[in-house]
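Reader: I'm new to this structure and would like to learn how to read it. Could you walk me through it, one feature at a time?

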Amino acid sequence: MKLVYVFDAYCGWSHGFSGTLSEVASRHPELPVEVVSGGLFTGSRRVPIREFGYVQGANAKIAELTGVEFGEAYEELIADGSFVMDSEAAARGVAALRQAAPDRAAELAAALQAAFYVDGRSLSEAVTYRTVAQAAGLDADAVVAAFEAPEAQTAVYADFSRAVQLGVTGFPTLLAVDGDSVIVLAYGQATADEVDARFSTL
């Protein structure tokens, strides 16, 4: 069995779930964690953030429920409403970091979300991945090269397809996958204790 975490780096609820994912992973070190990018802001949804009028209210709710931080630098980044969340670019970055340290994918996904939601860094820029890689002690040049490589796009589409194949309809979703068996452990928001309670029924 393994855990499969389907998220989007530009999803506030995924940011809010980071602490739960970290706690679940630490409680179950025997279970590998596969991280999959779901593709929230793609195609016609890749527009200036001002077109999503619910963002500020949703973030306040996420912070209230999960205790996660939305930093001043993030608020400044989105203040004029022109910032565009591009989930394909973010998924390329997730793939690049995952390639550099597959066994740390969950930790790196959380670090990437903090880079955006706390530090106000665009997930479309190579310098963001250099910063995250350096902080994690990874080969930053290799991560940036992987982010910019044409092959990264192949990984993006593979991730998006995997999310659909797993039946995921929203983010974040945490699954327990054992062969052909796919069980939802968490959807949207949950505590580590709630996830463990569902584990106990498997």
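Reader: How many helices and strands are there in the chain?

Author: Helices (H or I, at least four residues) and strands (E, at least two) are DSSP runs, numbered from the N terminus. Here the chain has 9 helices and 4 strands. Starting at the N terminus, the order is β-α-β-α-α-α-α-α-α-α-β-β-α. Before we go on: this is a predicted model, where local features need pLDDT of at least 70 and side-chain atom pairs count only at pLDDT 80 or more, while totals for chains, interfaces and linings use all residues. Residues are numbered from 1 along each chain as its sequence is written, and side-chain values use heavy atoms, with hydrogens and water left out.

Reader: Which residues of helix H6 are buried?

Author: Buried means under 20% relative accessible area, exposed over 50%, and partly exposed in between (1.4 Å probe, protein chains only). In H6, residues 126-135, the buried ones are Ala126, Thr128, Tyr129, Val132 and Ala133. They sit on the same side of H6, because they cover an arc of only 155° around the axis (the arc is that of the directions from the helix axis to the C-beta atoms). Gln134 and Ala135, on the other side of H6, are exposed.

Reader: What covers the buried residues of H6?

Author: The cover includes helix H4 (87-100), helix H5 (105-117) and helix H7 (140-148). After H6 comes glycine 137, with a positive phi near 75°.

Reader: And threonine 20, is that buried or exposed?

Author: Threonine 20 belongs to helix H1 (residues 12-27). With a relative accessible area of 11%, threonine 20 is buried. To see what lies around a residue, look for contacts, meaning heavy atoms within 4.5 Å. Leaving aside neighbours within four places in sequence, threonine 20 is in contact with Ala190, Thr191, Ala192 and Val195.

Reader: What share of the contacts in the chain join residues at least 24 apart?

Author: Among contacts between residues at least 6 apart in sequence, the share is 74%. As for burial in the whole chain, buried residues make up 50% of the 202.
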